[in-house]
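Me: I am new to this one and would like to know what stands behind the words used for it. Could you take me through them?

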Amino acid sequence: YSGLLVTETMYTLFMLGAFVAAFRMTDKIGVGTGILLGVASALAALTRAVFLGFFPVLVFIIWWMRRQQGRKGVKHLAVAVVAWALVLLPWTLRNYAVHGSFVPVSTGGGKVLLTGNNPFAPRTWHAKGFEEWVKEKAVERGIKDLSALPETQLHSLYKGIALNFITSHPFDAMRLALQKAHIFWVYPVAHSDSAIGEQALVTVADVVLYIGAAIGLVACWEYRRRMLPIGLAVAFFFLTAVMFHAEARFRLPIMPFICILFGYAATVVFDKARRIEFVKHRQKQIAAGLAIAGILCVYAYTGMLFLTGKV
């Protein structure tokens, strides 16, 4: 991914820092670790606003995993929340000074929601007619000049148009959700959209990575409680992309988690004792086989779409 300079590069660093602190806190809660969790989480949220919504989930999971510690665990989690709020505070105050309203990180939520939920999605960025459609919807709401609206009101308008589309076209919204799920997981993250050979190489690498991750997930199923923060993070960021707007690069921050599962699968494959133990469990074999079959079917379907010119 070094060929791509995107916000996900820095965001991934801060996000993984937050998870390092989170896993330390599940073992041994301390003030320093709490501060690290809060600061890293705030920096991640300032880089990509999606982490702002995940931080409360992460704090709750840490509390749930260490709830036997009672007040001591809550105290150190409170330190993390205070550190998180203090790092966000300067930018939030700046937003209030600029917009005159409470905006913790970003006003872009409305636009992102509309980008992924409209008749021209999911290819909104280059879809001819999208801007005209938005202007028509704005006129229906009595707004003739979008450029005259303050930023907060503009994105509130975008949010209203998007929600109206979702509620009035539920089946189209569901179809778009499936398409965005496909984009999120399957589309290759290559340096160039026109280099077919590079895209093919990246796609093959993704298939191998997913197959290994599927084996690793099945093999480490007994550690699922320990892996709960990672599982919830993957689910949260995936569902956020499906709800709002999906691009292949949005997958980058969770790829380290996929690599962890792949690495665990490698220990099963190359360690004789673990390999024998895995083979003995028929249920694990069936689960891994079904997961691999599903991955291959999805990519076979994608290949058919590519060969027929639909993607």
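This is a predicted model: local features need pLDDT of at least 70, side-chain atom pairs count only at pLDDT 80 or more; totals for chains, interfaces and linings use all residues.

Me: Why is Asp206 called buried?

Reply: Buried means under 20% relative accessible area, exposed over 50%, and partly exposed in between, with a 1.4 Å probe and protein chains only. Asp206 has 6% relative accessibility, so Asp206 counts as buried. You will find Asp206 in helix α9 (residues 196–219). Of the 311 residues of the chain, 41% count as buried.

Me: What does Asp206 touch?

Reply: Contact means heavy atoms within 4.5 Å. Not counting residues up to four places away in sequence, Asp206 touches Pro188, Arg251, Met255 and Tyr299.

Me: Is His182 buried or exposed, and how do you know?

Reply: The relative accessibility of His182 is 15%, so His182 counts as buried. His182 belongs to helix α8. Leaving aside neighbours within four places in sequence, His182 is in contact with Tyr187, Thr302 and Leu305.

Me: Why are α5 and α7 described as roughly parallel?

Reply: Helix α5 (residues 109–116) and helix α7 (residues 151–168) pack at an angle of about 30°, and their axes are 7 Å apart. That angle makes α5 roughly parallel to α7. The classes are these: under 35 degrees is roughly parallel, over 145 roughly antiparallel, 65 to 115 roughly perpendicular, and the rest oblique. As for the axes, they are lines fitted to C-alpha atoms, for helices over the stretch in contact, and angles run from 0 to 180 degrees between N-to-C directions.

Me: Which residues make the contact between α5 and α7?

Reply: On the α5 side they are Gly110, Lys111, Leu113 and Leu114, and on the α7 side His155, Tyr158, Lys159, Ile161, Ala162, Leu163 and Ile166. By class, this contact has seven nonpolar, two polar and two charged residues. Here Ala, Val, Leu, Ile, Met, Phe, Trp, Tyr, Cys and Pro count as nonpolar, Asp, Glu, Lys and Arg as charged, and the others, Gly among them, as polar.

Me: How do you know that Ile161 is buried?

Reply: Ile161 has a relative accessible area of 2%, so Ile161 is buried. Ile161 lies in helix α7. Leaving aside neighbours within four places in sequence, Ile161 is in contact with Leu114, Trp133, Val134, Lys137, Ala138 and Arg141.

Me: Why are α12 and α13 called roughly perpendicular?

Reply: The axes of helix α12 (residues 272–280) and helix α13 (residues 282–307) come within 5 Å and cross at roughly 90°. α12 and α13 are therefore roughly perpendicular to each other. Their contact is made by Phe278, Val279 and Lys280 of α12 and Arg282, Lys284, Gln285 and Ala288 of α13. In this contact, three residues are nonpolar, one is polar and three are charged.

Me: What makes a nonpolar core, and which residues touch the most other members of the largest nonpolar core?

Reply: A nonpolar core is a set of buried Ala, Val, Leu, Ile, Met, Phe, Trp, Tyr and Cys residues joined through side-chain atoms within 4.5 Å. The largest nonpolar core has 44 residues, and Phe19, Leu37, Phe51, Leu58, Phe237 and Phe257 touch the most other members. α1 gives the most to this core, with nine residues. A second, separate core of 14 residues includes Leu113, Ile143, Leu146 and Ala162. In soluble globular proteins, nonpolar side chains tend to be buried together.

Me: Where is the cis peptide bond?

Reply: The cis peptide bond joins Ala121 and Pro122, with omega about 5°. Pro122 sits in the loop between α5 and α6.

Technical notes: Residues are numbered from 1 along each chain as its sequence is written. Side-chain values use heavy atoms; hydrogens and water are left out. Helices (H or I, at least four residues) and strands (E, at least two) are DSSP runs, numbered from the N terminus.
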